[in-house]
There are 2 protein chains.
Amino acid sequence: MASKTQSRRDDLRTKLIELGEAEIIEHGLPALKARDLAAKAGCSVGAIYNAFPDLHHLALAINGRTFRRLGAQVAGAVEPLAEAPACERLVAMGLAYLDFASQNTAAWRALFEIDMAVGEDIPGWYMVALEALFDHIRRPVAELRPDLCAEDVEFLVRGLFSSIHGIVWLGLQKRISAVPRPELSRMITLILSEIGQ
Amino acid sequence: MASKTQSRRDDLRTKLIELGEAEIIEHGLPALKARDLAAKAGCSVGAIYNAFPDLHHLALAINGRTFRRLGAQVAGAVEPLAEAPACERLVAMGLAYLDFASQNTAAWRALFEIDMAVGEDIPGWYMVALEALFDHIRRPVAELRPDLCAEDVEFLVRGLFSSIHGIVWLGLQKRISAVPRPELSRMITLILSEIGQ
DNA sequence: CCTCCCATTGAACGATGTTCAAAGCATACC
DNA sequence: GGTATGCTTTGAACATCGTTCAATGGGAGG
């Protein structure tokens, strides 16, 4: 029975995820440091590498949580609007995305800052969570544009997500655009409304 | 007369910029290393800090070059279309942006990867170059939407740029979206065409 | 209670950006 | 020209990373 050791390792895993999440929420991905984590978790630096292969995988686990929170918030924004017009639902999702990014800027940025060139060790759930997000967008888009084939709907979904993401990303960046919050809402509404004709 | 020393420092500056640019074009911003540069430039590591306050400012100088190349390519794409409909010109610029990003991926990514939280030392020309890019977009947008006030045109310009940027950024990323090149063109064309009604 | 095995430790390694006392060199003055 | 002065250049040293690994310690089975 390896229960004692196993459970202790699992405890450390979750403790590291929670501490790391707090750090990323507060100070962003670059603030995720091995020695800081070890000090806060009350373990040695080496112990981290027993729970995770490296800091990259810890960051991925934290990003997983952020992704689920994001998905829940976006889903929560459209749920009450099940009967509303598709265009309205699209706008609601776009604004929910902006809200989440505004309220969780550091953690949300970490979703895209993480170095993806590392290799194929991007976990499957990463793509799964992304697809779940796309699912929410696909429904209203398909309703709005029955003239498009499935493939074109798919591209429009990805294009719309990327567009809104770009607006929020550059808008929340201090330097490139620095657009005040209400104007970001208007831009998102404008883009999503025009798509729906 | 401080000509000898001055000119030598300037020589080192341009040499470092050229070497660093080659490195960033080839391997991206993270490959910009002080010791590598010194070895290639045939100087000591300390000499770099005589020509630039730090590597961050060297990277900014290199980004400046990239920015100007980008602006020239986008401008070159609309120039032959001076008489074409505004919508067509918008699409041409969007596709030119995609072209540049595809052909100079590493250097183009460096434009946005550079850490902007450092402070207010973002040079003025950075914003100037960005404004010049926005100028090109503003003209066709204003033509297409005479119903909008100047402020709304401004937001639409920024929103359109951010949208196209988002599509290209995520599209060229290996993991998030991974949309093949022709489909990226179609998405861009789709978004820009629909805006123009 | 002993023994083996694996988890844990933290000093050490290699890489990084940056600094600074020392050395070198060019310019100005006599 | 020679000498003095001040800036430039050097590269070893420092601080800070992520990561490793020999040594240590503690828990499971006999």
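This is a predicted model: local features need pLDDT of at least 70, side-chain atom pairs count only at pLDDT 80 or more; totals for chains, interfaces and linings use all residues.
Local features need pLDDT of at least 70 and side-chain atom pairs count only at pLDDT 80 or more, while totals for chains, interfaces and linings use all residues. Residues are numbered from 1 along each chain as its sequence is written, chains are lettered from A in the order in which they are written, and side-chain values use heavy atoms, without hydrogens and water.

Domain 1 of chain A gives 13 residues to the contact, and domain 2 of chain A gives 12 residues. Contact means heavy atoms within 4.5 Å. About 1100 Å² is buried between the two domains, with 76% from carbon and sulfur atoms. Buried area is the accessible area (1.4 Å probe) that two parts lose on being put together, summed over both.

The count between these domains is 1 salt bridge. The term needs a side-chain nitrogen of Lys or Arg within 4 Å of a carboxyl oxygen of Asp or Glu. R65(A) forms a salt bridge with E21(A); their closest N and O atoms are 2.9 Å apart. Helix α1 (residues 3–27) of chain A supplies the largest share of the domain 1 side, 7 residues. Helices are DSSP runs (H or I, at least four residues), numbered from the N terminus.

**Cysteines**

Over all chains, the structure holds 0 disulfides (cysteine sulfur pairs within 2.5 Å). Partly exposed lies between buried, under 20% relative accessible area, and exposed, over 50% (1.4 Å probe, protein chains only).

| Residue | Relative accessibility | Class |
|---|---|---|
| C43(A) | 23% | partly exposed |
| C43(B) | 22% | partly exposed |

Definitions and conventions:
Helices (H or I, at least four residues) and strands (E, at least two) are DSSP runs, numbered from the N terminus.
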